[in-house]
Every structure is written in C-alpha cells, then in structure tokens.
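Let us walk through this structure step by step.

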Amino acid sequence: MLKTLLDNDRTFRYLLVAPAVFFILLIGLYPFIKLIIASFQNISLFDDIRSFQGLLNYERLLSDDRLWHSIVRTLLFTAVALPIELVLGYLLAVLFLEKIPFKAALISIILLPTIISPIVAGATWRLMLDQRFGPVNQIISWLAGTDVKLLWTVSASLVWPAILIAEVWQWTPFMFLLLYAALSNVDREQLEAAQIDGASWWMTFRRIVLPAIMPVMFIAVLIRALDLFRVFDLVWTMTQGGPGTATETLSIYAYQMAFREFEISYSAAIAFLVIVLLTVFVVAALRRVEVSR
Amino acid sequence: MWSNRIMYTQFVKNTRHVLTVSAVCLGLISNAQAQSAAEQAVEAAKQYSGVTLNVLYEAGLQPLDPKNFTGPLWEELTGIKINVIESPVDQMFTKAMQDFRSGSGGYDLLNVIPNQLPDLAMSGALEPLDDYVDKYNYHEELQGIAPVYRDNQMKVEGKIYALPDDGDVLILYYRRDLFDDPANQSAFEEKYGYPLAPPETWQQFSEIGQFMTDAYEPETYGAGLLRQPGNAQYMFQERFRVEGGRFFDPDSMDATVNSDIGIKVFTEMRAENSWMPPGVEQWGFIEAFNAFLAGDIAMTISWPPVGRWAAGYGKGTEALNWIPETKVADKVGYALPPGGTPELAVGFSLAVASGSANKEAAYLFAQWMNSEEISLQRVQLPYALRDPFRTSHFASEEYRSRWSNAGEYLDVLQKGAETGLLDLSLLQTDRYEEALRQAISRLWSGEDAKKILDDLAEDWDQLTKRIGVDKQKRVYADWASKPNAYP
Amino acid sequence: MNRRDTGWRLWLRFAIALGVTLIFAFPVYWLVAISFKSPEEVYAYPPVWFPQQLDVSSYLTLFRDGDVVAVWNSLITAGISTVLAMLVGTLAAYSIVRFRTGGDHLSIWIISQRMIPPICVAFPIFLLYVSWNLVDSYVGLIMLYTAFNIPYVTWMMRGYIQDIPIELEQSAMIDGLTRWQVLRKVVMPMARGGLFATAVFTFIFAWNDFIFALILSKSEVVTYTVKVTGYFGSQSTFWSKISAMSVLGVLPMFVVVATMQKFIVRGVSMGAVKG
C-alpha cells in the first residue's frame with residue numbers, strides 16, 4: 001500500500017519541485033555562468049574592454065594580501081563571536097527553563113534584537129557607542145568615576161570589540177531561542193533519575209543534555225557560521241570596513257572591488273573562489289548531519 | 001494653478017524671498033527686452049511640457065532646493081516635472097556609472113563632483129554641452145561664474161560637459177568675541193610674541209588652538225576640525241600642498257605623498273587632536289558645525305553653510321529645524337584658513353547624462369537653475385547647500401545685508417574662489433581618494449604616520465600601474481598645469 | 001510544585017532575567033528615544049536619557065517628504081515574495097519528503113543555494129536585470145527574494161512534513177481525494193504551525209535585505225534598509241531621520257513577531273530539530 005502511494009504518479013512529484021528548481025536556476029544559474037566567464041575577462045566599468053585574459057585574475061587572487069587578510073579577519077570574527085553567542089544563549093536558555101514570572105513577555109523582549117534588520121542594529125550601536133552622544137561611554141564614565149571617551153568606531157583596538165558587542169547583542173537571542181526550545185524537549189524524568197543517582201552536573205550534561213540538543217545546536221551553529229562568514233550589513237553601517245581596512249570583511253572587500261572600484265572581472269574571480277570554498281564546506285557539513293541522523 | 005500660487009506665497013513668506021515673486025512672473029514677462037538666459041530656457045523648455053526629468057542629487061539637504069523651490073517653480077513655468085533621486089554622496093559616482101553602463105537611461109540630469117568629471121566624460125557617460133550653450137546663448141552668463149569654478153569644473157579636453165553650480169570652499173570660522181577679548185590678546189601676545197588674530201600658518205593655528213583650549217576647556221576648545229576620513233582627506237590635500245607637497249613625480253608618475261612633508265602634515269594633524277574636543281576624530285560636517293553653533297569650539301574650518309547658519313541665517317525655516325539654535329550669532333568671524341589657499345572641496349556641477357531621452361530639456365533646466373537670476377535665489381535659500389559661485393552672488397547687495405557681517409562672509413568666499421586649491425583629479429579619482437580616506441582612518445587609529453603614507457603611496461602606485469602610467473601621467477600633467485592645482 | 005519554584009529563588013531568577021532583558025532591550029529603547037528627541041536633545045552632551053516631550057517632527061518630516069514610501073516598498077517586496085517562496089518551497093518540500101524526489105542530492109543542492117553570499121552574485125544579477133529591464137522594479141526584487149528564500153522554505157518545511165503521519169494521507173486517498181486535494185486538505189492544515197513560523201522568518205529575511213536592494217534600486221523601489229543608510233551623508237548624518245526610519249522599519253517586525261510568538265518558538269525548534 002505504502003509503496004503504491006509513493007511510486008505512482010511520476011509527473012506529480014516532478015511538477016511539485018519544478019517551480020522551485022526553475023526559480024533557483026533562473027536567478028542562480030545565469031549569474032553563476034556569467035560570473036565564471038567574467039572572471040576570465042578584463043572588465044572594468046571605466047572602459048569598454050571585454051578581452052579575455054586567461055587566469056590573470058586568479059593569479060592576482062593569490063598575491064592579494066587585502067583579500068586574504070579579509071578572509072582571515074572574517075574567519076577570526078566568526079570563531080570568536082560564535083562561541084560567545086552559543087554559551088550566552090545556552091545560559092539564558094537554562095535560566096528561562098525555570099519558572100519565572102512574566103516569562104513569555106520577557107522572552108518576547110529579548111528576541112527584539114534578532115528580528116531587527118542588521119542595518120538598523122548597526123545604526124543603533126553607532127548611536128549607543130558614539131563617544132559623545134552615546135550612553136555607553138557615559139555609563140563607563142559613571143563606573144570608572146572619571147570622564148571616559150572611548151572612540152569605539154575609530155580607534156583600531158576598539159572597532160572589533162564594538163562590532164562584536166553589536167553582533168553578540170543581535171544574535172545571542174537567536175541561539176537562546178533555539179536552545180531553549182531544544183532544552184524544553186529534554187526528558188525531565190531522565191534528568192531527575194540522573195540526579196537521584198548522584199551524577200555530576202558535567203556527566204548529566206554530557207550524557208543526557210548534550211545528545212538531546214546536539215541536532216539543534218548543530219543547525220544553529222551552521223546557520224550562524226554561514227551568516228557570520230558573509231557578514232556585511234552590520235559592519236557596513238558601523239565602520240564601512242574602517243579604520244583603513246581594519247574591519248574589512250570578505251563581503252565588504254568584494255563589494256568595494258565590484259561597486260566602488262569597478263573591478264568587475266577581478267571581483268568575479270573573488271566571488272568564484274568564495275563560492276567554491278563555501279560549497280565544499282557546506283556540502284561536507286550537511287552530509288555529516290544526514291549521516292549522523 | 002491658484003493653489004500653487006498660494007503655496008508659493010506661503011513659501012515666500014517663510015523664506016523671505018522677495019525675488020521669488022519676480023521669478024514666478026518670469027514666464028509672463030513680455031519679450032520686449034532681450035531675453036535673459038533663464039527666460040530663454042523657460043521659453044524653449046515649454047515644448048517639453050509634460051516630460052518628467054530624473055535628476056540625481058546628493059541625499060540630505062541638497063535636494064531640498066529642487067524639491068521645494070526650483071522643481072515646483074520650473075514645473076509651473078514649463079510644465080516639466082522634476083523627479084529628484086537622492087543618493088549618498090559616496091554612491092553618486094557608482095550610481096551614475098552603473099546607470100550609464102547598463103544603458104537604462106535612468107537619469108537625465110546629474111550632479112557631478114568636478115574631480116570625477118574626467119572619468120565620467122571620457123567614458124562617455126556625459127553629453128557635451130557646447131552646442132546647447134551656443135543654441136541658447138549661455139556663453140555670456142557662463143562668464144559670470146567665478147573663474148576658478150568656471151575654468152576648472154566645466155570642461156574636459158576643451159569641451160563643456162557641466163555647468164559649475166556650487167561654490168564649495170573650506171573656510172575658517174572663528175569666535176570674534178574670544179579673539180577680540182583684551183585679556184586673551186595680551187596673554188597670548190605675551191606668551192607667543194605675536195598678536196592674537198585668525199591664524200595664517202598651521203603653526204599659529206596650533207598655538208592659538210592650544211591657547212584657547214587651555215583658557216576655556218572644557219566649555220570651549222581651541223578648534224574642532226572635520227576629521228571623518230571622508231572630509232579630512234580634503235583638509236589633508238590642502239595642507240599637504242600649502243606646506244609645499246606634491247602628489248606625484250611628474251616624470252615617473254610615482255606617488256610622492258609619503259614625502260617628509262606628508263609625514264609632517266600627518267603628524268601635525270594627529271597632534272592637534274590632543275587639544276581639540278575629545279572624539280574629534282569622528283567629526284564630520286554635522287558634528288563640527290553643531291559644536292561651533294553651540295559655542296563649544298573657537299575655530300572650525302568647513303563648508304560655507306556653517307558661516308550662514310552660525311550667524312543665525314535660516315532660523316525658523318522648517319527644513320532646518322534639526323539644527324540646534326546658534327549661540328554665537330553675532331560673534332562669528334570669517335577668514336581664509338592657514339596658508340590662505342582654501343580647498344575647493346567637492347562642489348557640484350550640473351551635467352546631462354548621455355543616456356537621457358530628454359537631453360535638451362535636461363540641459364534647459366540646468367541652464368535655468370544655473371543662470372544669474374535663478375542661481376542668485378538658490379544660493380540664498382536658507383536651507384540650501386549651494387554656495388555663492390558667481391561674481392554677482394558675492395556682490396549681491398541683498399545677500400550682503402542678510403546679517404550684520406554677511407559682507408565679510410561673502411568677501412572671504414570670493415577670496416577663496418580666487419586662491420582656492422582644486423581637489424586632485426585623475427582617472428578613477430575615487431579610488432585614489434578611497435585609499436587616502438583609508439590612510440586617514442588609520443592615522444586616527446594610532447598607526448605610524450610614515451608607515452601609513454608609504455602604504456598609501458604603494459596603493460596609489462598600484463592603481464596608476466593598473467590604469468596605465470602614461471595615460472594617468474597625461475591626465476595628471478593636465479590637472480597639475482592648472483593655476484589652482486598647486487599654490 | 002517544586003520547592004525551587006517558590007520564595008526568594010523565584011524572585012532572584014526573576015531579577016536576573018529582568019536584568020538580562022533590560023540589557024537586550026536598552027539599545028532598542030535608545031533608538032526609539034532618539035527618534036522622539038528634539039534636535040537639541042539629539043546632540044546634547046551629556047546624552048539625554050528621557051526626551052522632555054515626545055517630539056514627532058522626525059516622523060512628520062519622513063511623512064511630509066514621502067520617505068515612508070520606502071517602508072511600503074519593503075512591505076510589497078517582502079510580502080509578495082514570502083507568499084511565493086512559501087508556495088513554491090512547500091510544494092518542493094512535499095515532493096522531496098513523500099516521493100524522495102532527487103534523493104539527497106536535490107535537497108542538498110537546494111539548501112546549498114542559500115549559502116552563497118549575496119555579494120558574490122550581486123553583480124551578475126545586476127547585469128541580468130539590466131538586460132531584462134528589471135532594475136529598480138518590484139518584480140525584480142520580488143523574484144530575487146523568492147529565489148533566495150526557496151531553499152530556506154524547502155529545508156524547513158521538509159522537517160514539518162516529515163512529521164505528518166503518512167497514514168492520514170493514505171486514508172484520505174482511500175476516501176477518494178486526489179493527490180492535490182490531499183495536499184490542500186490534509187497536509188497544509190497539519191503543517192500550519194510550521195507554515196506560519198517559516199513564513200515569519202522568510203518575511204524577515206526579505207525585509208532585512210540590504211545588499212540586493214542597494215544595488216538593484218535607484219529611485220522607485222527603494223526599500224527601507226537602503227533609505228536608512230542613505231541618511232548617513234558625508235555632509236549630513238541625520239540621526240533623527242535614521243532613528244525614525246529605523247523605528248518605522250522595525251515596527252512591522254515587532255507586530256508580526258508579537259502576534260506569532262507561539263508559532264515561532266515552537267516552529268523554529270521543531271524545524272531545526274527535524275531539519
């Protein structure tokens with residue numbers, strides 16, 4: 001019975017996926033082909049030249065320090081922000097698992113940062129961190145007892161912390177939400193049994209909690225890692241990649257090359273490199289999920 | 001029609017523009033006397049009644065002129081609608097270029113930053129205007145534009161591509177009450193051995209600033225300058241040349257911005273921050289003029305609107321309600337910045353997009369706005385960011401009586417228009433400027449000045465190599481040969 | 001009731017939770033407060049924490065100058081593309097789950113499309129749109145957002161549909177319903193919670209887009225994110241406009257999330273667990 005249900009009607013099943021495949025090909029395939037072709041050409045918006053120049057753009061990739069710095073920077077940022085968000089999100093989730101008055105209202109408010117646009121988050125934190133008109137320096141001044149005027153978005157040692165604060169503020173609630181939901185599903189009886197058996201907190205966490213929340217955590221980390229890897233909006237509004245190129249992430253560099261410097265072909269080569277790297281990473285990661293299931 | 005009239009009456013009342021009335025009537029004046037450039041434009045434009053022109057403007061205050069004043073007025077006179085498209089200034093070039101390359105003809109009239117004129121004109125994005133200027137007899141009135149703008153912000157390779165439309169120049173504003181204070185004067189002279197007056201050298205600027213800060217901190221600091229990289233790059237270009245610096249070696253086209261002069265200027269600029277208000281590194285136009293209007297700083301160097309607004313001009317205008325009330329209205333002095341050769345920073349010229357379907361109508365709108373009659377009103381719009389750029393603007397009795405020392409203000413602007421220094425203009429100028437902006441933001445972040453400038457020179461050399469050394473050399477030589485390229 | 005749920009422990013937890021909530025909420029408050037400040041207060045030093053009176057002139061300016069159209073543009077593009085993406089993505093998800101169409105390859109290919117950084121394909125898409133004359137149009141942005149959200153919808157809906165007992169569909173078919181009717185009358189209602197949750201996030205993604213809107217808009221279809229960044233001028237940074245426009249742009253999100261909270265919390269977790 002089940003088999004006949006699944007097997008009949010071949011057209012219907014393809015009909016259902018057709019629109020999705022069509023849309024993705026329409027918007028995805030042509031640009032991708034165009035990208036590959038352009039990366040072998042010598043296109044700049046400043047002139048009409050369209051000549052092919054072989055692998056020149058790809059050779060340039062190898063010796064482009066600014067590109068590699070931006071990639072390393074982006075990876076480092078991801079590596080720092082992600083664990084912080086994960087841990088803070090987990091702690092929050094644990095806290096909110098307990099009975100708390102007005103829980104639903106508080107959760108709604110905590111979720112606010114996650115749903116606002118990164119552009120607005122960036123603008124908000126520029127306001128917050130303004131050395132003169134912003135409340136952050138004011139609060140620090142109170143705590144320190146002296147007038148503190150930190151140049152959050154100007155000085156080289158503070159820009160990354162500034163962006164990190166904004167990023168963690170915006171996405172910790174997301175982690176919290178997912179982990180909260182996952183933790184709610186952990187078997188309470190099992191936990192209580194472990195407690196009665198005198199298992200340590202760590203043992204309980206490793207043996208019971210972690211396996212239960214692992215799938216959710218994995219997806220959450222994957223989603224955030226990919227978003228962090230292409231971070232653009234937040235950094236763009238806060239620093240535009242400055243000072244100098246100190247906060248130039250991969251996406252910002254790619255934007256600068258394509259739309260400020262009009263190096264169309266070279267930016268196509270960059271894009272192609274990024275797509276290849278990401279695809280390898282993502283497919284590997286997803287296969288792991290499938291396997292682990 | 002009548003409701004429009006009423007709207008205008010209201011507008012005239014609001015902004016106290018007596019002249020507007022006569023302009024509204026322009027279309028009604030008979031052809032008895034020789035027609036002015038504005039009248040001719042209106043006459044000829046009537047054939048395009050019903051057309052809509054897309055005009056690219058810098059986002060912010062600039063578009064208020066076409067949105068509130070020239071746009072509605074032009075529509076009433078000619079039936080041509082003006083649709084203003086706003087873009088942040090650093091996106092304007094990208095948008096214009098993108099539009100041209102895509103061939104979509106999305107813009108008819110462009111506001112072009114003059115130092116980007118060569119790029120746009122040589123790539124074919126702009127329409128040559130000589131034929132139109134001939135056809136509509138605009139040569140004579142073009143001559144009324146102050147020479148530095150007329151000679152440098154209009155032509156590329158001998159052809160007219162744009163009408164200079166904005167007298168941007170960075171001049172010095174100072175607090176007369178503090179400079180004239182006898183106690184300050186004697187104390188200053190005793191300490192430094194020369195009388196307290198608006199600084200003529202950067203050395204003096206630094207000494208006066210330090211002196212004022214010591215005397216009035218934290219209520220008032222010696223100065224607050226434009227330090228945001230986008231603005232500060234112009235200040236650097238000016239000071240670097242005032243001190244004798246050259247951007248490139250004219251023979252090899254190697255960047256020489258990392259010379260000792262460059263290092264000196266960079267080092268001094270950073271050192272000055274120590275006696276300016278904390279956080280001055282972030283200051284742009286708004287922050288600096290806010291501080292000046294609030295009485296927080298004794299000197300600043302900025303674009304002309306600061307001088308007007310600080311004097312209280314435009315107070316009560318709705319469009320300016322976001323400007324804090326000036327506390328220094330009768331205390332503002334005007335002078336050229338140290339060195340006496342102010343930067344003609346940014347500025348705007350009106351250019352017709354080559355992809356436009358309504359080139360002639362677009363040109364006529366530009367000629368009309370740019371003409372003696374209409375431009376005089378535009379530069380007096382209290383909320384406008386268009387600054388005096390015609391000899392007649394500087395001399396206008398009406399303008400000179402706008403506030404107590406408006407005459408002084410206009411005189412300084414006029415002097416600036418004679419001695420002012422042009423922004424560096426090359427092929428792909430924007431990329432050179434971007435590198436400079438990045439260098440300045442690194443400067444504020446505390447890196448070594450020499451290292452930054454060496455990197456900047458390296459970046460510039462790379463750019464030059466990619467664009468073509470010989471090609472760029474010619475363009476640079478052409479620019480450097482202009483009388484206002486170097487002092 | 002557990003002992004841990006009463007007395008001072010409860011209130012201590014509440015205090016901590018409240019503190020955390022305030023920390024997360026404060027920047028949002030600050031943004032809103034600035035939009036209601038008078039010009040003097042915006043640039044006051046030390047900063048003003050509570051505006052003296054609600055000054056709505058920032059908002060009035062946005063309405064008077066017609067800038068609010070940007071919010072409308074965002075609503076149109078995000079709204080329509082969400083409906084389209086939900087429809088197309090859900091159908092694909094159903095096919096993948098029930099018929100194992102394309103095996104793992106199809107679903108992985110689809111989801112991998114979401115991983116491409118927008119900036120990488122922005123320029124080719126711009127060129128494509130130029131030749132199709134879709135720059136600065138509703139259709140252009142809607143198509144783009146739809147295409148970019150289909151992978152997400154498919155992925156999430158896959159999880160929800162897997163949860164629906166297949167026996168239900170079997171019995172419905174025995175009762176004589178066609179495949180299409182099964183989909184409409186059995187599957188869709190069963191997956192309702194998931195549909196809502198997914199739709200909310202799809203909407204948020206489209207609503208928050210900046211890069212595509214920046215590159216593909218000119219004058220007509222300027223979305224609110226592009227509008228906000230437009231106020232960071234070089235000669236003029238209008239903090240009151242930036243904050244007021246931001247508030248207008250964030251408000252619809254707050255409404256959506258507040259009304260849909262139940263679906264979101266449950267929906268996201270389930271979608272992710274089953275992912």
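A cavity is a set of grid points where a 1.4 Å probe fits but cannot get out. This is a predicted model. By that rule, it has 15 cavities of 30 Å³ or more. The largest cavity holds about 850 Å³ of space. Its lining is made of 38 residues. Nearest its centre lie Pro118(A), Asp227(A), Arg230(A), Arg114(C) and Phe205(C).

Now find helix H2 of chain A, residues 10–39. H2(A) has 30 residues. From first C-alpha to last, H2(A) reaches 40 Å, close to the 44 Å expected at 1.5 Å a residue. Follow H2(A) along to Leu25(A), where a kink of about 35 degrees is centred.

Which residues of H2(A) are buried? Among them are Phe12(A), Leu16(A), Ala20(A), Phe23(A), Ile27(A), Pro31(A), Leu35(A) and Ala38(A). An α-helix has 3.6 residues a turn, so residues three or four places apart point the same way.

Finally, turn to chain B. Arg390(B) sits in the loop between helix H18 (372–378) and helix H19 (391–395). Is Arg390(B) buried or exposed? Arg390(B) counts as buried because its relative accessibility is 0%, and buried means under 20%.

What does the side chain of Arg390(B) meet? It makes a polar contact with the side chain of Glu372(B), at 3.2 Å. A polar atom of the Arg390(B) side chain also lies 2.7 Å from the backbone oxygen of Asn370(B). Beyond its neighbours within four places in sequence, Arg390(B) is in contact with residues including Tyr138(B), Glu141(B), Ile145(B) and Ser375(B).

Conventions:
Residues are numbered from 1 along each chain as its sequence is written. Chains are lettered from A and ligands numbered from 1 in the order in which they are written. This is a predicted model: local features need pLDDT of at least 70, side-chain atom pairs count only at pLDDT 80 or more; totals for chains, interfaces and linings use all residues. Side-chain values use heavy atoms; hydrogens and water are left out. Helices (H or I, at least four residues) and strands (E, at least two) are DSSP runs, numbered from the N terminus. Buried means under 20% relative accessible area, exposed over 50%, partly exposed in between (1.4 Å probe, protein chains only). A polar contact is a pair of N or O atoms within 3.5 Å; within protein, one must be able to donate a hydrogen and the other to accept it, and residues adjacent in sequence count only if both atoms are side-chain atoms. Contact means heavy atoms within 4.5 Å. The expected span of a helix is 1.5 Å times one less than its number of residues. The bend at a residue is the angle between axes fitted to the seven residues ending there and the seven starting there. On a 1 Å grid over the protein atoms alone, a cavity is a set of points where a 1.4 Å probe fits but cannot get out, and a pocket is an open set with protein on both sides within 12 Å along at least five of seven lines; lining residues have an atom within 4 Å of a point. Grid points are joined across faces, edges and corners, and a volume is the space filled by probe spheres set on the points.
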